[in-house]
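Thanks for coming, everyone. Please look at the screen while I walk you through it.

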Amino acid sequence: MAHTEPRFHVPAPHARPGDTPDFSHIEIPPAGEAKRPDTSVEGMETRDLALGLVRVLDHNHQAVGEWDPKLDAGVLREGLRHMVLTRAYDDRMLKLQRQGKMSFYMKSTGEEAVAVAGAMAMSKDDMVFPSYRQQGILFARGRDIVDMMCHCISNSRDNLKGRQLPVHYTWAEGKFFSISGNLATQLPQAVGYAMACEYRGDGEIAATWIGDGSTAEGDFHGALVLASTYRAPVIVNVVNNQWAISTFQGIAAGEAPTFAYKGMGYGLASLRIDGNDFLAVYAATQWAAKRARDGHGATVIEHFTYRADAHSTSDDPSGYRPKGENAIWPLGDPIERLKQHLIGLGEWDEERHVALEKELNELVIASYKEAESHGTLHDGPLSPVESIFEDVYAEPDWRLRRQRQDLGV
Amino acid sequence: MAKMNMIQALNSALDNMMERDPDVISFGEDAGYFGGVFRVTANLQTKYGLDRSFDAPINEAAIMGMAIGMAAKGLKPVAEIQFSDYIFPGLDQIVSEMSRIRYRTAGAFTTPVVVRTPCGGGIRGGQTHSMSPEAFFTQVPGVQVVMPSNPYDAKGLLIAAIESPDPVIFFEPKRLYNGPFDGHSGGALSSWANHPKGEVPEDHYSLPIGKAEVVREGSAVTIVAYGTLVLVAQAAAEKAGVDAEIIDLKTLVPYDIETIAHSVNKTGRCIVAQEAPRTSGFAAELAAQIQEECFFALEAPIQRVTGWDTPYPHAHEWSYFPGPDRFINAMNTVLEA
């Protein structure tokens, strides 16, 4: 028989299916309030920033405070474009998955600013070790959409020869490392890469992304030890989108007040920021990148955001959280907020926005047509079957040569 | 030519490679300033600096992950896992990451890390300092698995491992670090100085990964072994007066089936040996492959000489260890059949 009172503490979210969505427990400090220390600050002196929330865009969509990166309107419009494209791409790919065109898909809806602003604030030569919901980086770095789609439908032009599940992109030319399905493994790798950048002295840095849930993995903590010990030029982004599939963030957070605060235990500079605020993400990344490049070490950035859609095409959020939560997320929608900011500056308007959405939707549709012309997972053509024996080693040994013969290819 | 024990030979390999190639760096728990608990990385920090030979925090997953990231940037990391019993926290990084980066990126990225790790028993290490976990890694496509049995091979193979474009798990049988071993627990420690494979060039040389060596020619039975058991098998054959042909495998992945099959087709009898527990060990793979290749030449069932399916005991270490008597029993069985 089930006990009504648990005998040990198991955290639970504030609302479950059937409850009225409610985020009133979340404390949102005013925009512009957070201090912006010099990038050479001692890690431990960022305690207030690890516990607070860096926000630049206020409720009137105006940029306020020390963290305002003061970007040109052109940069803001570019960021808006990448975010709108990311969303159009995600929406289209979800539909195509539902039509059976691919085995699996993961959207980044509501989190577009985290990837796009983060990528734009770094140099294109900096290496990124993303987790699976940062497709915005690829758009910001200019990857060909057809190539992305060819990967997702595992066709003959998939640059990964059909070896990876959809959305597990690799793009070496764009300094985008391979995405793993095993969570948090990219964290110590990013630190090692960053140390190698220092060793080479080429001025490059590395950045990595991890979800709130995956911070429970040992690799997260191991990576922070390494980053701290070797003062590695790396940015560790924790994307706290509140949900790890069906598990709310409290299961990974435990008694820690914030995810950023975990960085304090390692003496690392740690910032908690509004992840739905393009300007805050840009400013924090820019700060961390300068800190890393100047030899002051790593920064942990918690992007406080909300996963507005399902984890993937394999789960239904109505089974674990109330409907309509995304509509009342207190930090709004990143695209809408940047759009309103630009409109407020007189640098954008509804008409142009509608036209942009139309243009990018059409681009996505046309790109898919082209991608499909190179084959689909269902109907082929795929990469040649014999390619399954390639790239296991630089050269196949006798076992692989024989096994290829056994398969008759 | 210099006389070296296996520790000195491995150190010489690292020294040669670090001198030649600034991308080669070495790290691990206690592997920096102190030079490693077995001294394999001794003096490297003094000679090459803190950023090329350094101490790592006690987190094998982080050590493996760090090495992978460095290799992705083009460095050639040689990471030490202090005892192969400690490699398991790093297993996800080896199995899911290091081994597959080339494959899952279709060659866009490669991570040719060398993982050096002392293995095996016979040093009163108890269950957490005596394991031979090599078979786990032979189940992982994308890594090579090497285990030398003497100083000369150790140096040549470690250099080959560092120069390899693919990751290598490099097992160092620690019972052989300081001298050859005949498997008799009570015997005095002999010295590599009196062994032909203790003659080691100070200069750079490499031995091919994937190539076995017939270390004792014979016609009655083939014994396939690697690591410590190569020497134990030799001692056992001498003691029993059996005309055994002994193959030192040296590389488990990819193993040299050609040399093995050639020998078994000649002798018609075969023993495969490993120090690890019996079930699903690498000897099982060898036995399966040998019967596929040589079934019609075999005159007796293939015998396995292995550890027991128990953890490695401390007090009864020598009852666990597959010593000469177990080899002699196996030889008797296979020759009587």
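A word on burial first. A residue is buried if 20 or more other C-beta atoms lie within 10 Å of its own, exposed if 12 or fewer, and partly exposed in between, with C-beta atoms placed from the backbone. Helices (H or I, at least four residues) and strands (E, at least two) are DSSP runs, numbered from the N terminus. This is a predicted model, where local features need pLDDT of at least 70, side-chain atom pairs count only at pLDDT 80 or more, and totals for chains, interfaces and linings use all residues. Residues are numbered from 1 along each chain as its sequence is written, while chains are lettered from A and ligands numbered from 1 in the order in which they are written.

Start with chain A. It has 12 helices and seven strands. Its radius of gyration is 22 Å, close to the 22 Å that the globule rule gives for 409 residues, so chain A is as compact as a globular protein of that length. That radius is taken over C-alpha atoms, and the rule is 2.2 Å times the number of residues to the power 0.38. The C-alpha atoms of chain A fill a box of roughly 65 × 60 × 50 Å along the principal axes. Of the 409 residues in chain A, 51% are buried.

Now contacts. Two residues are in contact if their C-beta atoms, placed from the backbone, lie within 7 Å. Take the contacts in chain A with a separation of 6 or more: 78% join residues 24 or more positions apart.

Zoom in on helix H5 of chain A, residues 145-152. How many of its eight residues are buried? Six are, and the helix is mostly covered. The buried ones in H5(A) are Ile145(A), Met148(A), Met149(A), Cys150(A), His151(A) and Cys152(A). They pack against helices H2 (73-98), H4 (135-140) and H11 (350-372) of chain A. Just after H5(A), Ser154(A) takes a positive phi of about 50 degrees.

Over to chain B. Here we have 12 helices and 14 strands. The radius of gyration of chain B is 19 Å, close to the 20 Å from the globule rule for 337 residues, so chain B is as compact as a globular protein of that length. Its C-alpha atoms fill a box of roughly 60 × 45 × 40 Å, taken along the principal axes. Buried residues make up 59% of the 337 in chain B. Residues 24 or more positions apart account for 77% of the chain B contacts with a separation of 6 or more.

Where do the chains meet? The contact takes 37 residues from chain A and 34 residues from chain B. On the chain B side, H3 (60-72), H4 (91-98) and H5 (101-104) each supply at least two residues. H3(B) gives the largest share of that side, nine residues. By class, the chain B side has 18 nonpolar, nine polar and seven charged residues. For those classes, Ala, Val, Leu, Ile, Met, Phe, Trp, Tyr, Cys and Pro count as nonpolar, Asp, Glu, Lys and Arg as charged, and the others, Gly among them, as polar.

Next, helix pairs. Two packed helices are described by the angle between their axes and the distance between the axes. Axes are lines fitted to C-alpha atoms, for helices over the stretch in contact, and angles run from 0 to 180 degrees between N-to-C directions.

One pair spans the two chains. Helix H6 of chain A (residues 186-200) packs on H3(B) at about 50 degrees, with axes 6 Å apart. That makes H6(A) oblique to H3(B). Under 35 degrees counts as roughly parallel, over 145 as roughly antiparallel, 65 to 115 as roughly perpendicular, and the rest as oblique. The contact of H6(A) with H3(B) has 14 nonpolar, four polar and no charged residues.

A second pair sits within chain B. H9(B), residues 257-267, and H10(B), residues 282-294, pack at about 60 degrees, their axes 10 Å apart. These two are therefore oblique as well.

Is Ile290(B) buried or exposed? Ile290(B) is in helix H10 of chain B. It is buried, with 23 other C-beta atoms within 10 Å. Not counting residues up to four places away in sequence, Ile290(B) touches Ile260(B), Val264(B), Cys270(B) and Ile302(B).
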